[in-house]
Amino acid sequence: MLDQPDDIHALFHGAPKTTEFRKLRKRLIRDTREAIGRYGMVLPGARQKWLVCLSGGKDSYTLLAALTELQWRGLLPVDLLACNLDQGQPGFPATVLPAFLERMGVPHRIEYQDTYSIVVDKVPAGRTYCALCSRLRRGNLYRIAREEGCSAVVLGHHRDDILETFFLNLFHGGKLATMPPKLVNDEGDLMVLRPLAHVAEADCEKFAAAMEYPIIPCDLCGSQDGLQRQQIKGMLDEWEARAPGRRGKMFSALMNARPSHLLDPALFDFAGLAPKSADSSID
């Protein structure tokens, strides 16, 4: 069915015919569908509209393709609106994504907001731009979602992003936390969804490369070198090289938390835990 030219969305035209690619594609769709179902991303009631954030990186292209595939086959009963926020970074190829989305027939909105100048002005020399840039981007995306009548902002963070964030919080934040696959924003009017939560970064990379999507690098601002996240990524790469499959095991652990075997009394009533009294065992 996946190979029929009249039974495929434009996003998949020209897809490789190899068995390896078909397996990759099916795995991406399966993992995405699993995350959407596991975390209840589609709410009951009226049909929803999702703002799918497209940066031009491998992850966001994979996100758009996977969601479009599921919608195309009637497995995702939501409307999708792709959105790119051009933040004014020097060298950003502003015509690439509009041309791509037009060619693929994907409903979309392109928004220009020069947050780059704000970040450069506010962040001290030698510091990375990422934190402030991310906050400004998120605020604009929330605004766009409201203007477009969307119920959710959908992001392309994958399994490896979630693992890296867990270790960043563990090593530098002193807490057990990571990117949730589904949350409600502080204002309480929008969901933030991560349907690629179960998808490996390597699969996103292989998929986007095989489809020859026009990748836009994420380091246009020159602020990516030496980040703590890159150090964590290197650590996980080294672990994976020594023991293949370790990333998958660690991710499974995030879905198998046991509050009674941690140390947070807000999650488990340690004070109320006591053995049965001797009297209770006597009839």
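**A tour of buried sides and nonpolar cores**

Guide: Let's start with helix α3, whose buried residues are Leu97, Phe100, Leu101 and Met104. Buried means under 20% relative accessible area, exposed over 50%, and partly exposed in between (1.4 Å probe, protein chains only). This is a predicted model, where local features need pLDDT of at least 70 and side-chain atom pairs 80 or more, while totals for chains, interfaces and linings use all residues. Residues are numbered from 1 along each chain as its sequence is written, and side-chain values use heavy atoms, leaving out hydrogens and water.

Visitor: What covers the buried residues of α3?

Guide: The cover includes α2, β2 and β3 (108-112). Helices (H or I, at least four residues) and strands (E, at least two) are DSSP runs, numbered from the N terminus. Just after α3, Gly105 takes a positive phi of about 70°.

Visitor: Why is Asn169 called buried?

Guide: Its relative accessible area is 17%, and the cut-off is under 20%, so Asn169 counts as buried. Asn169 is in helix α6 and touches Gly174, Lys175, Ala177 and Thr178, leaving aside residues up to four places away in sequence. Touching means heavy atoms within 4.5 Å.

Visitor: And what makes Phe171 partly exposed?

Guide: Phe171, also in α6 (residues 159-173), has a relative accessible area of 44%. That falls between the 20% and 50% limits, so Phe171 is partly exposed.

Visitor: Which residues touch the most other members of the largest nonpolar core?

Guide: Those are Trp50, Leu67, Phe207 and Tyr213, out of 42 residues. A nonpolar core is a set of buried Ala, Val, Leu, Ile, Met, Phe, Trp, Tyr and Cys residues joined through side-chain atoms within 4.5 Å. Among the elements giving two or more residues to this core are α1 (19-38), β1 (48-53) and α7 (201-211). α2 gives the most, with seven residues.

Visitor: What does Phe207 touch?

Guide: Leaving out residues up to four places away in sequence, Phe207 touches Phe12, Phe21, Leu24, Leu28, Thr62, Ala65 and Tyr213.
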